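Dear colleague,

Please find the structure below, followed by an account of what was found in it.

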Amino acid sequence: MNKIYLWGIIVAVTMLTITYMSVIGSKGGLNGDIVNMFAIGGAVALVVIIVFVIIKFVRQMQVDTADGELSDDNWDGIGEYYNAIPKGWAIMYLATMVYAMWYFVIGYPVNSYSQIGEYNEDVAAHNKKFEKKYASITGERLVDMGESVFLAECKVCHGLAADGIDGSAADLNVRLEFRTVKDVVINGSNNFLLGSENPMPDRYGLMNANKDYAPITDAEIDAVSTYVANGMSGEGGDVFAGACSVCHGDDGAGMVYVAPNIAAYDITLVTNVLNHGKKGSIGAMPAFDRLNAKQKEAVSAYIISLSKGE
Amino acid sequence: MFHWLERNPFFFALSVFITISFAGLIEIVPSFAQASRPLVGTTPYSTLELAGRHVYIKNSCNACHSQLIRPFKSETDRYGHYSMSGEYAYDRPFLWGSKRTGPDLMRVGNYRTTDWHETHMKDPAAVVPGSIMPKYTWLYENETDVETAYAEQLTIAQFFSTPYNKAIPMKDGTNKIIKMGDSIAEANALALEEAKVIVADMKDQNIKDAVESGKIPEIVAIIAYMNSLK
């Protein structure tokens, strides 16, 4: 046996012994840990491979003789054989070319990071989750959602108690306040409350049918405003029946495509105000069309629950 | 020449610097010019809005309020569409803000109204319970400096070709013209005209009277600026 194999075995055994003594044989050892086992297995494999690879090449230097066809080029007596390129290299070279083409044409353009792309994915994922979790909620949960949207978006003007903060916004605990009704009767309105342009005439367009279609008078305006602000009760009912009920209905519940509900809040009304905003005697309300349909429904439910005194 | 450069480190460094600067110039400047071009629908500030912007800067509003909506769901839910660079084309200087002690104001004109600002600026805590924003009562007394705003308009129209008195295409296909006066008197008249539109929605009788008599309190200018942020 060649001396070099002996040396190889001696070196390998020494290294493995040192490894054993410093790790496995010492206190604690491998500790039954799978990661430690892998590490030590890798160390052992490395020792064996290194030793025998070195032996292989050293032996090759010792015994190998050159053969093959020399190329014509000669540099100061040093020649070169004709050698085929190793197969592995050739395959890797071609694979790299293919990968580079793929990366240039598809890989980078399709997969590159974009902040806006990430944002769009976030929004899509959120909308999907929202749809799954909340699309079918009703009743109490819908009102709760409405309250949280209200607290985020509406309370800055309408106030925590939805009372309109001393008249700077509409008091949502009642359907209509006296001053609002009076202003609308005198000046008319056009607030897209039905989703489309359905202007209500000003006072000169309002006739009292009970008094031979005479234009509505100041006293009648006060009376009917009190009546509507009182929740369709008290005095002034006859004026309402004469001048208003033809569009708003006998009970003030409104008519589809004709006039909005002025007796109570309903989903269509609140949704339309959120979609189009509003401008009236109190001031302007901006549109909140960035809320999604369910959130608008929820806000409606919350406002309806408020005006019922719940 | 290259051999000469290799023997002279100073000039070698200099030529490296020039080469890299030139590369930077042709790479960065065109894309920067593209990104800083105004979006369709972005208009320069009118006289009163610009005066309001000066009031905003003077009172350091930007120390607490940013004007930059980042593309995160949590931000776009609160403040609206994320900001795009072209929207700042006419902002000199931009007012991105140093930090958000208060909410972002990039699109405040979309969801707050004139009368809300009026009551809010007088006593923020009365409108938003727990608000730590101080009262800005002097805005209701100080008079707006329209002349400085006009001077700025003249300057940017001349040096940056800001399109005043020119048709600017809007998103819906129409054109909009932002007017700039030919003289200080005309600028004052234009600002007053804008102020009258704002005070029509305000409640404070003193402010209404002031505008009626030809004066513009700062609150009117800053509301005009707030309403223009969309």
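The crossing of α5(B) and α10(B) is right-handed; a crossing is called right-handed if the near helix is turned clockwise from the far one by less than a right angle, and left-handed if anticlockwise. The model is a predicted one, in which local features need pLDDT of at least 70 and side-chain atom pairs count only at pLDDT 80 or more, while totals for chains, interfaces and linings use all residues. Residues are numbered from 1 along each chain as its sequence is written, and chains are lettered from A and ligands numbered from 1 in the order in which they are written.

Helix α5 (residues 114-122) and helix α10 (residues 218-228), both of chain B, pack at about 130° with axes 10 Å apart (helices are DSSP runs of H or I of at least four residues, numbered from the N terminus; axes are lines fitted to C-alpha atoms over the stretch in contact, with angles from 0 to 180 degrees between N-to-C directions).

From α5(B), B:Thr114, B:His117, B:Glu118 and B:Met121 meet B:Ile219, B:Ile223, B:Met226 and B:Asn227 of α10(B) (contact: C-beta atoms, placed from the backbone, within 7 Å). This set comprises four nonpolar, three polar and one charged residue (nonpolar: Ala, Val, Leu, Ile, Met, Phe, Trp, Tyr, Cys and Pro; charged: Asp, Glu, Lys and Arg; polar: the others, Gly among them).

Between the chains, the contact takes 17 residues from chain A and 15 residues from chain B. On the chain B side, α5(B) gives the largest share, three residues.

With kind regards

Notes:
Helix = DSSP H or I, 4+ residues; strand = E, 2+ residues; numbered from the N terminus. Contact = placed C-beta atoms within 7 Å.
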